[in-house]
Amino acid sequence: MLDSAQTIVTQIFIMFLLMLVGHLLYRRRIIDSQGSQQLSSLLLNIVTPAVLITSFQRPFDPGEAKMLATAFFFAILSYVPAILLARLLYGRSPAPYAKDAQMCLIFSNNGFMALPLLEALLSSTGVFLGSAGIVTGTVIAWTYGARMLSGESRVNFKKILLNPGTLALIGGLLLFFSPWKLPMPVFRAVEYLGSLNTPLAMLVLGIYLSQSHVLACLKDKTVYLLSVLKLAVIPLLAMALLYLLGASELVATALLIGTAAPSGVISAMMAQMFGTDHLFSTRIIAVTTLFSAVTMPLFLLVLQLLW
């Protein structure tokens, strides 16, 4: 428990150091608003898909395949409480930040925050199973999230199939299930691109923070409400659902650690891409990240006691 708490606090400290660099880059006008938008586009279209592809570059194993299929099934289910609660609270809300609030409730920073914990608690198997939650979240963001932010009333199957998240999922699954793997030079290149995910995402978030009034958001009751919902209510609902449906301890832990993570940077990046209030999302991400130093260790304790 103590080791898990130390891992969480360390990750949060690293995140804020990287955000500080992004803040300084913006304040010194090394990167401007257009540059941050270009970095966001690079992350969403190239870097994140590279992370997903590399996570599946491993030898096929029937036992792991069965566990992965189970993890994907429960990963999809774990998003149901968040989506339903977000729609219930903000689906018909006239607030200008309503769509962004939904994104912040649904999507977590389950890569940077969850993977070190999974590595420490469950070794490489936990990371492999946890990738199901990351892939599922990315695909849902590019399908459900993009449709919600854009305001499209009908399902665009072309966009669903051809978005970077879905294409990366298809490519990754082909790599895992087939005997053919990426040649080592190609894999290393993709792996290097994926390694840009955390530093670039935190730099972009730091730039966003420079553009917003972070201290003012601490006086906003909406920020606290969303923080409680994201860090406590939604993870507990997802935990109850997986427990009642009989998810194994290994799969549940791998997925729920990601669910309990703070709001994901992808919410702010996609908000900027679709022209909604990305600065509101930035404030929610910053505050939930800060509060998660307390909530995630407590959630881990409840998780271990329940299973």
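**Cavity lining and a helix crossing**

Colleague: Which helix gives the most to the lining of the largest cavity?
Modeller: Bear in mind that this is a predicted model. Six lining residues come from the top contributor, H5.

Colleague: How many cavities of 30 Å³ or more are there, and what volume has the largest?
Modeller: With the cut-off at 30 Å³, the count is one cavity. The volume of the largest cavity is about 160 Å³.

Colleague: How many residues line the largest cavity, and which elements give two or more of them?
Modeller: The lining has 20 residues. Nearest the centre lie Tyr79, Asn110, Leu255, Gly258 and Thr259. The elements giving two or more residues are H3 (62–90), H4 (98–106), H5 (114–150), H11 (221–244) and H12 (249–259).

Colleague: How many residues of that lining are charged?
Modeller: Sort the lining of the largest cavity by class. There are 12 nonpolar and seven polar residues, and the charged count is one.

Colleague: At what angle do H11 and H14 cross, and is the crossing left-handed or right-handed?
Modeller: H14 covers residues 278–306. The axes of H11 and H14 come within 9 Å and cross at roughly 35 degrees. The crossing of H11 and H14 is right-handed.

Colleague: How many residues of the contact of H11 with H14 are nonpolar?
Modeller: H11 brings residues including Leu226, Leu231, Pro235 and Met239. H14 brings others, among them Phe280, Ile284, Phe291 and Phe299. In the contact of H11 with H14, no residues are charged, five are polar, and the nonpolar count is 16.

Terms used. Residues are numbered from 1 along each chain as its sequence is written. This is a predicted model: local features need pLDDT of at least 70, side-chain atom pairs count only at pLDDT 80 or more; totals for chains, interfaces and linings use all residues. Side-chain values use heavy atoms; hydrogens and water are left out. On a 1 Å grid over the protein atoms alone, a cavity is a set of points where a 1.4 Å probe fits but cannot get out, and a pocket is an open set with protein on both sides within 12 Å along at least five of seven lines; lining residues have an atom within 4 Å of a point. Grid points are joined across faces, edges and corners, and a volume is the space filled by probe spheres set on the points. Helices (H or I, at least four residues) and strands (E, at least two) are DSSP runs, numbered from the N terminus. Ala, Val, Leu, Ile, Met, Phe, Trp, Tyr, Cys and Pro count as nonpolar, Asp, Glu, Lys and Arg as charged, and the others, Gly among them, as polar. Axes are lines fitted to C-alpha atoms, for helices over the stretch in contact, and angles run from 0 to 180 degrees between N-to-C directions. A crossing is left-handed if the near helix is turned anticlockwise from the far one by less than a right angle, and right-handed if clockwise. Contact means heavy atoms within 4.5 Å.
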